[in-house]
Amino acid sequence: MLLIETFVYIGTIAFAISGALIAIKNNLDIFGVILLGLTTALAGGVIRDIMIGNIPPTNLADPQYFLVSLLACLITILFFDKLNRFEHAIVFSDAIGLGVFTAVGANAAISLDYSEPFLIVAMGLVTGIGGGVLRDVFVREIPLVFRKEIYGIASIAGSISLILMYEFVTPSISLYICLIVTATIRMLAVKWKWNVPIVHKNSVVK
């Protein structure tokens, strides 16, 4: 489906930019910037495909996704100063990537005739957060999904919205809804500082 392919390219570019920006901010060399950008963009889909038995993973079998990610990383390196002027460039790119890959991952499960809501949500979540988790681990940060920020919850909410709307609208519209719900929740959470309560060592939740 052309729409799904378009989504994948948008998400790939957004996540690659997100990974490359964080790599540059952490003073990685050119190889490190490219590797982190590629990991952020491609790892979630690879993990999803391995889990559902789609071997070899699409992101590795089709070189265009690698090439698009590589190009996005190189552009980020060349125009970092301009991209960095946008205050929320990383957050915006990451939110768009999260929304796109959540939608694509959940839809991948449905397209394979998986009807269990838990599995659909799980595939959306894994696809959405997989690359970002590895990105944060590689730069020695606690992944966003494990912190108080609303990140994984946004992905789960997006997948649930896709499941709820799938029977009432066209598949294309349900994908749009999932993307919008996920990205919007993520960006609003950052803007309005919506957080998940933290469990401290003394068991006091704050």
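What share of the 206 residues of the protein counts as buried? In this predicted model, 46% of the residues of the protein count as buried. The secondary structure comes to 9 helices and 0 strands, and the pattern read along the sequence is accordingly α-α-α-α-α-α-α-α-α. The radius of gyration of the protein is 17 Å, close to the 17 Å that the globule rule gives for 206 residues, so the protein is as compact as a globular protein of that length.

**Overall dimensions and contacts**

- Taken along the principal axes, the box filled by the C-alpha atoms of the protein is roughly 50 × 45 × 30 Å.
- The accessible surface of the protein comes to about 10,800 Å², and 70% of that surface belongs to carbon and sulfur atoms.
- When contacts in the protein between residues at least 6 apart in sequence are considered, 71% of them join residues at least 24 apart.

**The nonpolar core**

- The largest nonpolar core has 48 residues, and those with the most contacts inside this core are Phe-7, Phe-15, Leu-98, Val-100, Tyr-151, Leu-162 and Leu-175.
- At least two residues of this core are supplied by each of helix H1 (2-25), helix H2 (30-52), H4, helix H6 (89-111), helix H7 (117-138), helix H8 (152-165) and helix H9 (171-192), while the largest share, 12 residues, comes from H1.
- Phe-15, one of the core residues with the most contacts inside the core, touches Gly-37, Thr-40, Ala-41, Ser-93, Asp-94, Gly-97, Leu-98, Phe-101, Gly-128 and Tyr-151, if residues up to four places away in sequence are not counted.

- Helix H4 covers residues 63-78, which makes 16 residues, and reaches 23 Å from its first C-alpha to its last, close to the 22 Å expected at 1.5 Å a residue.
- The buried residues of H4 are Tyr-65, Ser-69, Ala-72, Cys-73 and Thr-76; seen down the axis of H4, these buried residues fall within an arc of 100°, so they line one face of the helix.
- An α-helix has 3.6 residues a turn, so residues three or four places apart point the same way.
- On the face of H4 turned away from its buried side are the exposed residues Pro-63 and Leu-78.

**Individual residues within helices**

- Ser-155 is found in helix H8 and counts as buried because its relative accessibility is 0%, against a cut-off of under 20% for a buried residue.
- Leaving aside neighbours within four places in sequence, the residues in contact with Ser-155 are Leu-98, Thr-102, Gly-124, Leu-125 and Thr-182.
- Ala-14 has its place in helix H1 and is buried, with a relative accessible area of 9%.
- Beyond its neighbours within four places in sequence, Ala-14 is in contact with Ser-93, Ile-96 and Gly-97, whereas the C-alpha atoms of Ala-14 and Trp-192, 178 residues apart along the chain, are separated by 22 Å.
- Leu-119, found in helix H7, is partly exposed, with a relative accessible area of 25%.
- A separation of 10.0 Å lies between the C-alpha atoms of Leu-119 and Ile-52, which are 67 residues apart along the chain.

**Backbone features in the loops**

- Most residues other than glycine have a negative phi, and most peptide bonds are trans.
- A cis peptide bond, with omega of about -5°, joins Ile-55 and Pro-56, and the place of Pro-56 is in the loop between H2 and helix H3 (58-61).
- Asn-27, in the loop between H1 and H2, has a phi near 60°, a positive value in a residue other than glycine.
- Asn-27 is also exposed, with a relative accessible area of 72%.
- Asp-113, which has its place in the loop between H6 and H7, has a phi near 70°, a positive value in a residue other than glycine.
- The relative accessible area of Asp-113 is 68%, and Asp-113 therefore counts as exposed.

Note on methods
Residues numbered from 1 in each chain as written. Predicted model: local features only at pLDDT ≥ 70, side-chain atom pairs only at ≥ 80, totals over all residues. Heavy atoms only, no water. Helix = DSSP H or I, 4+ residues; strand = E, 2+ residues; numbered from the N terminus. Expected span 1.5 Å × (residues − 1). Buried < 20%, exposed > 50% of the residue type's maximum accessible area, 1.4 Å probe, protein only. Arc of directions from axis to C-beta. Rg over C-alpha atoms; globule rule 2.2 N^0.38 Å. Contact = heavy atoms within 4.5 Å. Areas by Shrake-Rupley, 256 points an atom, 1.4 Å probe, with all protein chains shown as cover. Core = buried A, V, L, I, M, F, W, Y, C linked by side-chain atoms within 4.5 Å.
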